[in-house]
Amino acid sequence: MVTRANFNSSEEPTWCKGCGNYGILNAVKMALSEREIAPHQALIVTGIGCGSKLPHYATVNGLHTLHGRVLPYATGAKLANPELTVVAVGGDGDGMAIGAGHFVNTARRNVDMTYILFNNEVYGLTKGQASPTLPLGLQTKSMPEPNMQGNVNSLMLAMTSGFTWIGRGYSYNVKQLVELTQQAIRHPGLAYLEVLQ
């Protein structure tokens with residue numbers, strides 16, 4: 001029997017206190033254990049950013065890739081070993097900026113895997129510059145002026161690109177996030193889950 005404890009890592013998270021990443025980490029661990037997916041049967045692929053530390057804090061196969069290249073690596077891993085449960089994770093800067101082209105083209109392929117986007121609307125690791133998902137007119141502490149561009153709506157981009165399962169959750173509603181993550185993993189095609197933080 002697979003339990004959440006099977007996914008506990010000896011490495012302590014270094015995220016800021018109160019960060020939504022803790023909720024996402026717990027939801028992923030619970031979703032995998034409740035689906036009876038053993039740690040050796042799962043692969044978490046990450047890019048660059050705070051969320052990319054997720055496989056360090058869970059006992060699973062982990063693949064840390066280049067900035068914006070999460071989805072091509074995850075696709076390659078799934079094609080190389082179709083039996084793996086592949087979960088790609090990345091931040092909104094990673095996925096909606098440098099990785100946006102891969103986001104669109106991965107959707108066209110509809111490979112059976114899950115992509116979870118950590119959306120806090122900023123580049124958190126580098127102290128809060130606007131990411132492509134920051135709405136027009138908002139201003140972070142690191143910006144001299146309010147955002148002058150409209151935000152990328154990742155859900156609409158996912159829909160028009162061809163993702164076959166699309167969902168949105170909130171990092172502090174872990175119970176709902178577990179259910180959404182399970183649905184995404186269970187879906188027999190490319191699933192996209194945006195998590196607001």
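**Close-up 1. The second largest pocket of this predicted model has a volume of about 160 Å³.** A pocket is an open set of points on a 1 Å grid over the protein atoms alone, where a 1.4 Å probe fits, with protein on both sides within 12 Å along at least five of seven lines; lining residues have an atom within 4 Å of a point. Of its 14 lining residues, K78, T85, D112, I185 and R186 are closest to the centre. Strands β3 (85–91) and β4 (113–119) and helix α6 (174–186) each give two or more residues to this lining. α6 gives the most, with 3. By class, the lining has 7 nonpolar, 3 polar and 4 charged residues.

**Close-up 2. The largest pocket holds about 560 Å³ of space.** It is lined by 27 residues; C50, N120, Y123, G124 and L125 lie nearest its centre. α3 (92–98) and β5 (122–123) are the elements that give two or more residues to this lining. α3 gives the most, with 3 residues. The lining divides into 9 nonpolar, 13 polar and 5 charged residues.

**Close-up 3. Helices α4 (residues 100–109) and α5 (residues 154–161) pack at about 40°, axes 8 Å apart.** That angle makes α4 oblique to α5. Their crossing is right-handed. F103, V104, A107 and R108 of α4 meet S154, L157, A158 and S161 of α5, with contact meaning heavy atoms within 4.5 Å. These residues comprise 5 nonpolar, 2 polar and 1 charged.

**Notes.** Residues are numbered from 1 along each chain as its sequence is written. In this predicted model, local features need pLDDT of at least 70, side-chain atom pairs count only at pLDDT 80 or more, and totals for chains, interfaces and linings use all residues, while side-chain values use heavy atoms, leaving out hydrogens and water.

Methods:
Axes are lines fitted to C-alpha atoms, for helices over the stretch in contact, and angles run from 0 to 180 degrees between N-to-C directions. Helices (H or I, at least four residues) and strands (E, at least two) are DSSP runs, numbered from the N terminus. Angles under 35 degrees count as roughly parallel, over 145 as roughly antiparallel, 65 to 115 as roughly perpendicular and the rest as oblique. A crossing is left-handed if the near helix is turned anticlockwise from the far one by less than a right angle, and right-handed if clockwise. Ala, Val, Leu, Ile, Met, Phe, Trp, Tyr, Cys and Pro count as nonpolar, Asp, Glu, Lys and Arg as charged, and the others, Gly among them, as polar. Grid points are joined across faces, edges and corners, and a volume is the space filled by probe spheres set on the points.
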